[in-house]
Amino acid sequence: MVLYKLEDFEPNYQESFDGHDIKGLGVYTQGTDEKIGTISDVLVDEEGHFRYLVVDLGFWIFGKKVLLPLGRARIDYNIDRVYTIGLTREQAEDLPEFNERQTLDYDYEERVRGVYRQPTDYNPPVEASMPLVDPLASLDPLGAPVAPAPLGTTPTYARDSYTYENEPSLFGLNEQDHQTLRLYEERLIASKRRQKTGEVTIGKRVETDTARVAVPVERERVVIERVTPADAGKAVSGREADFREGEVARIEIHEETADVRKEAFLREEVRVRKVVEQDTVETQETVRREELDVNSSNLPIEER
């Protein structure tokens with residue numbers, strides 16, 4: 001049987017106590033009102049049932065923590081006190097010390113339960129005084145019932161079949177000591193849970209395209225133009241008419257060619273950010289509420 005600390009099992013356990021914290025309540029002996037310690041923690045089973053109160057016996061035995069079965073405790077919510085039922089100083093001294101780093105196995109719990117099984121002034125309720133035997137051990141190998149152990153004998157239990165229900169005197173609520181009737185109701189507690197709905201990937205890729213550009217260019221060419229002068233046919237002197245052979249006129253011809261190169265320019269910036277949009281989601285559930293049902297049989301009852 002695995003036990004958990006109350007806070008590890010249910011972090012919001014205070015809501016079950018109307019916002020109060022059971023840890024820190026003073027522990028007193030029933031009848032003498034002698035303070036013996038303080039509740040430092042609560043141990044629950046896998047179903048959340050209270051099984052042990054961890055009591056710091058600072059007032060009785062300095063520095064020692066022990067386990068108090070729930071059936072041997074009475075919690076008075078009106079004065080924020082816990083009373084032990086039938087716990088003596090001798091029993092407290094015999095209880096094995098509780099260590100948070102120690103594994104709570106069956107053997108350790110048996111040592112604790114063995115101390116509380118010792119006779120004390122505490123008289124358990126009638127139903128808790130019935131012989132406690134392993135339900136599987138109440139049948140013989142042929143399936144026939146076997147007579148239970150006589151009253152007053154120390155019960156024995158099997159390691160593999162033991163349950164807390166075997167010992168209501170230790171783990172059951174004594175109705176004579178718990179007369180407070182609490183009415184509960186369910187409420188819808190709204191909370192939010194953040195979950196990932198997707199992922200957007202933004203990257204860059206290179207695309208190619210064909211660009212065209214028009215570049216005006218110039219080319220030079222030689223134009224030979226023959227014209228008839230106005231004084232054509234007029235006789236010239238021999239000195240003026242200088243006939244020479246091989247005379248040449250040289251003209252350089254140029255042309256322009258397109259020289260195209262590529263340069264990178266910043267085109268635009270892309271800024272990526274997230275925008276939070278708010279919305280309201282409504283849901284409905286069926287909740288339960290306990291109401292008090294009083295059967296007075298025509299007796300005078302006063303409700304306050």
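The model is predicted; local features need pLDDT of at least 70, side-chain atom pairs count only at pLDDT 80 or more, and totals for chains, interfaces and linings use all residues. Residues are numbered from 1 along each chain as its sequence is written, and side-chain values use heavy atoms, with hydrogens and water left out.

The protein holds four helices and seven strands. Helices (H or I, at least four residues) and strands (E, at least two) are DSSP runs, numbered from the N terminus. Along the sequence, the pattern reads β-α-β-β-β-β-β-β-α-α-α. The chain has 304 residues, and 24% of them are buried. Buried means under 20% relative accessible area, exposed over 50%, and partly exposed in between (1.4 Å probe, protein chains only). Contacts were also computed (heavy atoms within 4.5 Å). Of the contacts between residues at least 6 apart in sequence, 61% join residues at least 24 apart.

Strand β4 (residues 50-56) is largely enclosed by the rest of the structure, because six of its seven residues are buried. Pairing was assigned where DSSP finds at least two bridges between two strands. Strand β3 (residues 35-44) pairs with β4 in the antiparallel sense, over six bridges. Within this pairing, Asp41 has Val54 of β4 as its bridge partner. The β3 and β4 hairpin has five residues between the strands, and Gly48 there takes a positive phi near 85°. Strand β5 (residues 65-69) also pairs with β4 in the antiparallel sense, over five bridges. Here Leu53 stands opposite Leu68 of β5.

Strand β7 contains Thr84. Thr84 is buried, at 2% relative accessibility. Residues up to four places away in sequence aside, Thr84 touches Val27, Tyr28, Thr29, Gln30, Ile36, Leu68 and Arg72. Asp80 sits in the loop between β6 (73-76) and β7 (81-84). Asp80 is partly exposed, at 39% relative accessibility. With residues up to four places away again left out, Asp80 touches Leu25 and Gly26. His20 is 60 residues from Asp80 along the chain, yet their C-alpha atoms are 9.3 Å apart.

Aromatic pairs were considered next. Rings of Phe, Tyr and Trp (its six-membered ring) pair if their centres lie within 6.5 Å; planes under 30 degrees apart count as stacked, over 60 as edge-to-face and the rest as tilted. Tyr28 and Tyr83 form a tilted pair, because their ring centres are 6.2 Å apart and their planes stand at 45°. This pair links distant parts of the chain: Tyr28 is in strand β2 (residues 26-29) and Tyr83 in strand β7, 55 residues apart. Tyr28 is buried at 13% relative accessibility. Tyr83 is buried too, with a relative accessible area of 7%. Tyr106 and Tyr162 form an edge-to-face pair, 6.1 Å centre to centre with 70° between the planes. That pair also links distant parts of the chain: Tyr106 lies in helix α3 (residues 106-116), and Tyr162 lies 56 residues away in the loop between α3 and α4. Tyr106 is buried at 16%, and Tyr162 is buried at 4%. Ring pairs join Tyr52, Tyr106, Tyr162, Tyr164 and Phe171 into a cluster.

The whole structure contains 20 salt bridges. A salt bridge is a side-chain nitrogen of Lys or Arg within 4 Å of a carboxyl oxygen of Asp or Glu. Glu100 and Lys65 form one, with the closest N and O atoms 3.9 Å apart. Glu100 lies in the loop between α2 (89-94) and α3 and Lys65 in strand β5, so the pair ties together parts 35 residues apart in sequence. Glu100 is partly exposed at 48%, as is Lys65 at 25%. In another salt bridge, Glu109 and Arg113 approach to 3.2 Å between the closest N and O atoms. Both residues lie in helix α3, four residues apart, about one turn of the helix. Glu109 is buried, with a relative accessible area of 2%. Arg113 is buried at 0%. A network of salt bridges links Glu109, Glu110, Arg113, Arg117 and Glu167.

The protein exposes about 25,900 Å², and carbon and sulfur atoms supply 48% of it. Accessible areas come from the Shrake-Rupley method with a 1.4 Å probe; for residues, only the protein chains shown count as cover. Val200, found in the segment after α4 (168-171), is exposed at 71% relative accessible area.
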